[in-house]
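Reader: Please take one part of this model and look at it closely. I want the contacts and the cut-offs behind every term.

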Amino acid sequence: MKISTKGRYALRLMLDLAINNTGENVTLKAISERQEISIKYLEQIIATLNRAGYVRSERGAGGGYRLTMKPEEYTVGMILRLTEGSLTVTSCTGDDDNHCERYGECVTVKVWEKINKAIADVVDNITLADLLEEERAQANDFVI
C-alpha cells in the first residue's frame, strides 16, 4: 500500500486548518502558500472533505474553510480512508466481503490481516489534535 499525494495533501490541509483554527475562515490561497500545494489540487481535495462534512465552506468576503469538528475528533484513518479508500494491503483481505476463493485455506492471509490491523491501529489512534501538538512542539524546538 502506498498513500497517494491526495491522501498526504488532505492530511496536510486538515492539519493546516487545525493550526489556523482561530474562528476565522482560512482561504485555499493561504493554505496553498503555506503548504506549497497548487490551489487546483487543493480545490479537488477540499471538495471531497466538504462533501463528507469534514470542513465547512463559506463564500464571499471573509469566506474560506474551517473544520466542522474539534481536531481531536478527526483521526488520520478517517481522512486517509476518505481520500484513499481502503487502507488494506491486499484485495483478498479487504474491508468488504470480496475475499478471494482461497481465503479460508490460505495461511498467508493471516500475514496480510496482521499488517492491516497494525496499519489501522496506527491511523485510527492518531488524531489531528495529536499532530497539532506535535507541530507546536516541533515549532518550539526551532525557537531561538
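Author: Leu-128 touches Leu-11, Met-14, Leu-15, Ala-18, Leu-67, Pro-71, Tyr-74 and Ile-79, leaving aside residues up to four places away in sequence. Contact means heavy atoms within 4.5 Å. The model is predicted, so local features need pLDDT of at least 70 and side-chain atom pairs pLDDT 80 or more, while totals for chains, interfaces and linings use all residues. Numbering runs from 1 along each chain as its sequence is written, and side-chain values use heavy atoms, without hydrogens or water.

Leu-128 and Met-14 have the most contacts inside the largest nonpolar core, a set of 29 residues. Such a core joins buried Ala, Val, Leu, Ile, Met, Phe, Trp, Tyr and Cys through side-chain atoms within 4.5 Å. Buried is under 20% relative accessible area, exposed over 50%, partly exposed in between (1.4 Å probe, protein chains only). At least two core residues each come from α1 (5-19), α2 (28-35), α3 (39-51), β2 (64-67), α4 (76-84), α5 (109-123) and α6 (128-141). α1 gives the largest share, 8 residues. Helices (H or I, at least four residues) and strands (E, at least two) are DSSP runs numbered from the N terminus.

Now α1 against α2. They pack at about 110°, axes 10 Å apart. Axes are fitted to C-alpha atoms over the stretch in contact, with angles from 0 to 180 degrees between N-to-C directions. The two helices are therefore roughly perpendicular. Arg-12, Leu-13, Asp-16 and Leu-17 of α1 meet Ile-31, Arg-34 and Gln-35 of α2. Roughly perpendicular covers 65 to 115 degrees; under 35 is roughly parallel, over 145 roughly antiparallel, the rest oblique.
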